[in-house]
Amino acid sequence: QKVQDVLMEMIHRVETGQESNVKPNVVSWTAAINAWARSPDMNAAQKAEVLFQQMQKEPHHIVPNSYTFNAIITAWVRSREKGSAFRAEEKLHQMWDLYYETMNQSKNDNHDKKSRNTNHDDNSSSNPSSSVLLVRPDAQAYNRVINAIARSREPNCAHKATVLLGKMEELCTVKGYTDMEPDAKTFGAIINAHANSGTADASDKAAELLQRMESLYQLGYTKVKPNTFVYNACMNAFAKSIVERKNDHDNINIDNHKREDGEIKAEQILNLMEKMYKEQGDGSVKPDVISYSTMINAIANSGSVGAGERAEHILQRMIRLYLTSGDEKVKPNAITMTAVIKAWTSSLSSNSSCSNDKEEKDQDENHNVRAADKSQEVLERMCMLFLAGDRSMKPTKVTFDLVYEAFVKIQDEERMDWLNQVRQTILDNNNNNNN
């Protein structure tokens with residue numbers, strides 16, 4: 001607000017004749033718009049937009065440059081207002097409109113000059129002026145808009161972001177705008193958008209984007225080299241694809257004795273990351289706690305036989321890595337442990353109480369008791385670490401609910417009561433620490 005007030009004061013002094021030497025220019029207006037773009041004010045984007053429109057109208061007639069556009073794009077990208085990501089996209093299109101308008105004007109001006117002076121340098125008519133270059137969208141503008149759309153959770157946001165990414169790739173690889181190279185963060189955001197879309201082909205789309213990144217990187221586009229963030233996003237897409245497949249259970253038969261395809265593909269990515277880090281020492285693809293937790297979540301989502309054991313195996317890998325390296329980035333946390341509990345409880349049998357086969361019934365009951373025991377063990381480990389001061393191990397409502405579900409399944413009221421007491425102890429401890 002202070003920056004805008006200074007700008008308005010400058011304008012007022014010029015208009016009233018109090019000042020003639022310092023007239024606000026594009027830099028002044030851009031500074032005010034950028035100030036709003038960085039402001040925590042809930043209406044910052046709207047206020048930045050008012051300035052953006054005002055600068056172009058009577059009596060100012062100031063043409064925005066690339067810095068101005070990037071500032072207003074940032075304002076809308078940072079806004080939490082519904083539809084703000086697409087307001088940012090509108091600015092990108094306006095930027096192109098101004099670019100072509102200025103380009104055409106530049107060509108016309110050069111043509112007029114050439115007509116008046118036959119000795120005019122021919123190169124001047126073919127090279128765009130510096131003012132044209134100042135309004136052309138750059139990689140920063142595209143990356144910001146694409147990231148905003150991908151994170152917006154709006155309908156078809158993943159598709160819309162992918163279309164913009166395709167335009168960016170075309171400008172870079174086909175039309176020769178080398179400064180328009182997309183980066184790994186942009187690809188990763190779109191992959192995450194596909195993972196969160198809930199569509200049946202989300203994991204396929206994520207895999208396609210990963211393959212595009214690898215192909216571009218092989219062609220020399222270094223900024224798109226897949227990194228840990230991108231691989232994690234792709235693993236997340238595969239993990240969520242399992243849930244989507246199971247939601248479509250009316251059309252498919254689920255074999256709980258067979259590992260889900262999404263789990264297998266997620267594991268392949270994790271193994272690839274570990275291999276590249278081990279053999280090449282490439283820290284940019286080193287698996288982190290998100291990588292391993294996502295893998296465990298994929299296992300939990302599968303709910304197939306042996307899910308609990310496979311999840312525990314991944315957890316033990318994490319613990320060994322942490323103990324031998326001391327790397328905090330692979331230290332298990334509450335999300336990791338809750339995913340392990342989810343893996344144990346996801347395979348709880350619902351047939352034990354209604355099966356007519358005594359042997360099958362006994363097997364189901366034994367399996368459920370073991371799943372409940374293992375879930376309790378993981379929870380107890382979390383609670384011990386949390387009460388000892390490790391805040392990253394604080395059990396969540398989901399954690400307790402999963403364990404409670406296991407106790408209900410085996411009809412163990414004594415352990416249900418125990419769980420409620422533990423939940424209260426954790427709650428009291430948390431409240432005391434907050435106070």
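At what angle do helix α8 (residues 139-151) and helix α10 (residues 184-197) pack, and how far apart are their axes? The two helices pack at an angle of about 15°, with their axes 8 Å apart.

## Basis of the description

This is a predicted model, in which local features need pLDDT of at least 70 and side-chain atom pairs count only at pLDDT 80 or more, whereas totals for chains, interfaces and linings use all residues. Residues are numbered from 1 along each chain as its sequence is written, and side-chain values use heavy atoms, with hydrogens and water left out.

Helices (H or I, at least four residues) and strands (E, at least two) are DSSP runs, numbered from the N terminus. Axes are lines fitted to C-alpha atoms, for helices over the stretch in contact, and angles run from 0 to 180 degrees between N-to-C directions.

## Helices α8 and α10

The angle of about 15° between α8 and α10 makes α8 roughly parallel to α10, a term that covers angles under 35 degrees, with those over 145 counted as roughly antiparallel, 65 to 115 as roughly perpendicular and the rest as oblique.

The contact (heavy atoms within 4.5 Å) is made by N143, I146, N147 and A150 of α8 and by K185, T186, A189, I190 and A193 of α10. These residues divide into five nonpolar, three polar and one charged, where Ala, Val, Leu, Ile, Met, Phe, Trp, Tyr, Cys and Pro count as nonpolar, Asp, Glu, Lys and Arg as charged, and the others, Gly among them, as polar.

## Helices α2 and α4

The axes of helix α2 (residues 26-37) and helix α4 (residues 66-78) come within 8 Å and cross at roughly 15°, which makes α2 roughly parallel to α4. Their crossing is left-handed.

On the α2 side, V26, T30, I33, N34 and A37 meet Y67, T68, A71, I72, T74, A75 and R78 in α4, and the residues of this contact divide into seven nonpolar, four polar and one charged.

## Helices α16 and α18

Helix α16 (residues 334-346) and helix α18 (residues 397-409) have axes that come within 10 Å and cross at roughly 20°; α16 and α18 are therefore roughly parallel to each other. The crossing in which α16 passes α18 is left-handed.

T338, I341, K342 and T345 in α16 meet V398, T399, L402, V403 and A406 in α18, and the contact residues divide into five nonpolar, three polar and one charged.

A search of the whole structure finds one cavity of 30 Å³ or more, and the largest cavity has a volume of about 30 Å³. A cavity here is a set of points, on a 1 Å grid over the protein atoms alone, where a 1.4 Å probe fits but cannot get out, and its lining residues have an atom within 4 Å of a point; the volume is the space filled by probe spheres set on the points, which are joined across faces, edges and corners.

The lining consists of A195, T199, A200, A202, S203, A237, K240, S241 and E244, and divides into four nonpolar, three polar and two charged residues.

## Backbone features in two loops

Most residues other than glycine have a negative phi, and most peptide bonds are trans. A cis peptide bond, with omega about -5°, joins E58 and P59, and P59 is placed in the loop between α3 (44-56) and α4. N156, found in the loop between α8 and α9 (157-173), has a positive phi near 60°.

Key:
A crossing is left-handed if the near helix is turned anticlockwise from the far one by less than a right angle, and right-handed if clockwise. On a 1 Å grid over the protein atoms alone, a cavity is a set of points where a 1.4 Å probe fits but cannot get out, and a pocket is an open set with protein on both sides within 12 Å along at least five of seven lines; lining residues have an atom within 4 Å of a point.
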